[in-house]
Amino acid sequence: MNSPTPTDWARTAYGIDENGDQPILIKAVRRGRSLSFSKADATEAFTPASRTVLAACLFQRESFTRWLTAPIASARKAATVFHSLLDVQLPFSVEDCEVALLGTTPTDDRTGTRGLVAGARHEDIEKKLAGLARSGLNPHLLDQESLALWHQGITEYPPIRGEVSPRVVVYLGSDRITLVAGQSAIFLGALSLRQPETEAIHRFLKSHFPVAPTITQFLWTGPDATLGTVESLYVALAVRWPGSSKVVRDPKTFLARALAGRALTPCPTSCNLRSGRHLHPELARRQEKQPTLRGRACLASGLLLCLVNIVWLAAAQYRIAESQASLKALAIEVVGSPRGIQAGQEVLAARRAMDQQTKAMDPFLATVDAPLRNSLSTILSLATEERLTLETLTLSRKNGVIHGLAPKFEQTGKLAQQLNEAGWITSVERKVQPPGEELPAFVIGMERHREKK
């Protein structure tokens, strides 16, 4: 099955509604996401300008639409069997047709997959192209009439959210009547008639809505959608299908607007049955160029990515160099000189310099150390109370030594005990008395507890 033909390169499209021997042409121009429509003359479409496409359609009587159901949950796998399922339903061989799969949806019980297909026989496509050629027209796209009518009805008159009323879009032309049935925004099926046949329409609607709905919406389109024609046909239908009836805005150009708009704006039911061996030469050339264009796009993307990486690396290197210079300046400020500071060793050099400076500052820091002040105060106070004579006193954050004389050696124990309570580990020793000295001499060693260092 064929996939939709991309025409995203086009900026202008002409929609062609043949309408017997009097074609109706509408020109659509795309600007951003918006479309503007205007009437056009057939001569404008004879030689379309660059980036312009012509879109006609195969009538419902010249083509077909089908909903197919495959008992396969995977949409990808189900698509491979739709061709065989369609062959069973058609009164002619599917090999004689161009067929497009337009979309898939899970079944209500999620065990299968439903697919909407549209197609036409090769001979009908060739007849259509020959007839248009006699009018001087060579369309790039051949849409499917009922799908185009349904899509335009949903676009111009979107259903109210949550509304499930059936809708029927009726095209009244000089050479045909086409009815399209659906519910909410879902296309269900279509019927083509040469003249109004009320009973045929009743059977068609009954096949899609077995239980008669309370309200049925009718949208009337086409060049023959005059007030008198619409009223006479609606009165006959409203007996079994009561509801609302509305003639669309500018009904004469409705189908042409639909064809032009769908050519420029992809939608879920986008369809081009001029595909395969019937593909328009310009579209065929563009498809042949697609691999080259994609390759160029990939190459451009790759070069752009490389350029972005180079710029990013250059910016990163600049930031690293800038940070390195700032770090070195800080290290020089800490060390005091650039000598001995190697690249990448700034932090280590600064740390070593700070360690040296801290060590050199220890004697000065000790003078303002609160624990040392308390220990010194304790030593001097107890020495006064016990009448101890201190000869030398050495005190630091980690250790200390006291040399002195005591009236009695036992008096040194009180001093050692007070120091122990202050967080020191003390050891008391008697030492040799100096010559001519009668008082016993002592020495007290001091060390900090390890857990309090």
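Colleague: Which residues lie nearest the centre of the largest pocket?

Modeller: This is a predicted model. In it, Trp67, Ala185, Ile186, Phe187 and Thr269 lie nearest the centre, out of 18 lining residues.

Colleague: What volume does the largest pocket have?

Modeller: About 470 Å³.

Colleague: And which element gives the most to the lining?

Modeller: Strand S6 (97-106), with five residues. Strand S7 (113-121), helix H4 (145-156) and strand S11 (186-193) also give two or more each.

Colleague: What's the lining like by class?

Modeller: There are 11 nonpolar, five polar and two charged residues.

Colleague: Switching to rings. How many aromatic pairs are there in the whole structure?

Modeller: The search finds three. One of them is Phe218 with Trp220, which is stacked, at 5.9 Å centre to centre and 15° between the planes. Phe218 also pairs with Tyr234, edge-to-face, at 5.6 Å and 70°.

Colleague: Which parts does the Phe218 and Tyr234 pair tie together?

Modeller: Phe218 is in strand S12 (residues 216-221) and Tyr234 is in helix H6 (residues 227-238), so the pair ties together parts 16 residues apart in sequence.

Colleague: Is Tyr234 buried or exposed?

Modeller: Tyr234 is buried, at 16% relative accessible area. Phe218 is buried at 1%, and Trp220 is buried at 0%.

Colleague: Where do the charged ends of Arg176 and Arg286 sit?

Modeller: Arg176 has its charged end over the ring of Phe59, 3.7 Å from the ring centre. For Arg286, the ring is that of Trp9, with the charged end 3.7 Å from its centre.

How values were computed
Residues are numbered from 1 along each chain as its sequence is written. This is a predicted model: local features need pLDDT of at least 70, side-chain atom pairs count only at pLDDT 80 or more; totals for chains, interfaces and linings use all residues. Side-chain values use heavy atoms; hydrogens and water are left out. On a 1 Å grid over the protein atoms alone, a cavity is a set of points where a 1.4 Å probe fits but cannot get out, and a pocket is an open set with protein on both sides within 12 Å along at least five of seven lines; lining residues have an atom within 4 Å of a point. Grid points are joined across faces, edges and corners, and a volume is the space filled by probe spheres set on the points. Helices (H or I, at least four residues) and strands (E, at least two) are DSSP runs, numbered from the N terminus. Ala, Val, Leu, Ile, Met, Phe, Trp, Tyr, Cys and Pro count as nonpolar, Asp, Glu, Lys and Arg as charged, and the others, Gly among them, as polar. Rings of Phe, Tyr and Trp (its six-membered ring) pair if their centres lie within 6.5 Å; planes under 30 degrees apart count as stacked, over 60 as edge-to-face and the rest as tilted. Buried means under 20% relative accessible area, exposed over 50%, partly exposed in between (1.4 Å probe, protein chains only). A charge sits over a ring if NZ of Lys or CZ of Arg is within 6 Å of the ring centre and within 35 degrees of the ring normal.
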